[in-house]
Amino acid sequence: MQEALILKLIILALGAIFIAVIIALVLSFSVTKKLMKHNANLIDQVKESDKQQASTQQTLYEKENELLKTEVQLMGWIGAQIESQGLYRSPNVTLKEISKVLSLTQRRISQVIKTRREDNTLAEYLNTKRQLEGCRLLVEQTNWTVDAIAHEAGFGGTTTSRTIFRSRFGMSPKQYREKKRLMG
């Protein structure tokens, strides 16, 4: 009789364990399903965020390109104005004077030159223009003195002109003229 009772208790315990396992599996499946749904939602949110970020980056890229084009055009216009009005030919011309002539702020002119040119300042830019004008005059005006060319190109003095010329070309203005004459 005791054996029958022990057997019934064992069967009852196994049944309870079986039911507990089934309940655990059902709960586990339910939790897994909820986690999968939550993960899918997170993935969708990340994808949407990536799309928005890509769209924002594209917009920034387009704005940057527009700004770049505008700055390139503005630098071209500034250069053309300085060239056509011969502003570089005045040895003492200032940023303030150029700003008034061009109707641009001093800061804007400096900013455009700094970002769009390898010569980072207005003074360097003007000296580059003066050097190019000096080179042209050395070749075209062979009867002019180096001093006259320096003055005409906008350098304040011949010493400054020679120093800047030598640093850029590695030779004096006279040597440059002779070299160009020989090259014909």
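1. A word on terms before anything else: two residues are in contact when they have heavy atoms within 4.5 Å of each other. Helices, for their part, are DSSP runs of H or I with at least four residues, numbered from the N terminus.

2. Some housekeeping. This is a predicted model, in which local features need pLDDT of at least 70 and side-chain atom pairs count only at pLDDT 80 or more, while totals for chains, interfaces and linings use all residues. Residues are numbered from 1 along each chain as its sequence is written, and side-chain values use heavy atoms, with hydrogens and water left out.

3. Let's start with α1, which runs over residues 2-84. Helix α1 has 83 residues and reaches 120 Å from its first C-alpha to its last, close to the 123 Å expected at 1.5 Å a residue. (The expected span is 1.5 Å times one less than the number of residues.) The buried residues here are Glu71, Leu74, Met75, Ile78, Gly79, Gln81 and Ile82, where buried means under 20% relative accessible area, exposed means over 50%, and partly exposed is in between, with a 1.4 Å probe and protein chains only. These buried residues of α1 pack against α2, α3 and α4. Just after α1, glycine 86 has a positive phi of about 60 degrees.

4. Now look at isoleucine 109, in helix α3. With a relative accessible area of 0%, isoleucine 109 is buried. Setting aside residues up to four places away in sequence, isoleucine 109 touches Ile78, Leu95, Ile98, Ser99, Leu102 and Leu104.

5. You'll find serine 103 in the loop between α2 (95-102) and α3 (106-116). Its phi is positive, about 55 degrees, although serine 103 is not a glycine. Serine 103 is exposed, with a relative accessible area of 63%.

6. Next comes α6, residues 158-169. Its 12 residues reach 16 Å from the first C-alpha to the last, close to the 16 Å expected at 1.5 Å a residue. Which residues of α6 are buried? They are Ser161, Ile164 and Phe165. These cover an arc of only 100 degrees around the axis, which puts them on the same side of α6; the arc is that of the directions from the helix axis to the C-beta atoms. As for cover, what lies over the buried residues of α6 includes α4 (122-140), α5 (146-153) and α7 (173-183). Just after α6, glycine 170 takes a positive phi of about 75 degrees.

7. How do α4 and α6 meet? Their axes come within 11 Å and cross at roughly 90 degrees. That makes α4 roughly perpendicular to α6. (Axes are lines fitted to C-alpha atoms, for helices over the stretch in contact, and angles run from 0 to 180 degrees between N-to-C directions; under 35 degrees counts as roughly parallel, over 145 as roughly antiparallel, 65 to 115 as roughly perpendicular and the rest as oblique.) On the α4 side the contact has Asn127, Thr128, Gln131, Cys135 and Leu138, and on the α6 side Ile164, Phe165, Arg168 and Phe169. The residues of this contact of α4 with α6 split into five nonpolar, three polar and one charged. Here Ala, Val, Leu, Ile, Met, Phe, Trp, Tyr, Cys and Pro count as nonpolar, Asp, Glu, Lys and Arg as charged, and the others, Gly among them, as polar.

8. The α5 and α6 axes come within 9 Å and cross at roughly 85 degrees. That makes α5 roughly perpendicular to α6. Val146, Asp147 and Ala150 of α5 make the contact with Thr158, Ser161 and Arg162 of α6. The residues of the contact of α5 with α6 divide into two nonpolar, two polar and two charged.

9. Glycine 154 is in the loop between α5 and α6 and counts as buried at 1% relative accessibility. Leaving aside neighbours within four places in sequence, glycine 154 is in contact with Tyr88, Arg89, Ser90, Pro91 and Arg130. Glutamate 133 lies in helix α4 and counts as buried at 5% relative accessibility. Not counting residues up to four places away in sequence, glutamate 133 touches Tyr88, Arg89 and Ala153.

Note on methods. Helices (H or I, at least four residues) and strands (E, at least two) are DSSP runs, numbered from the N terminus.
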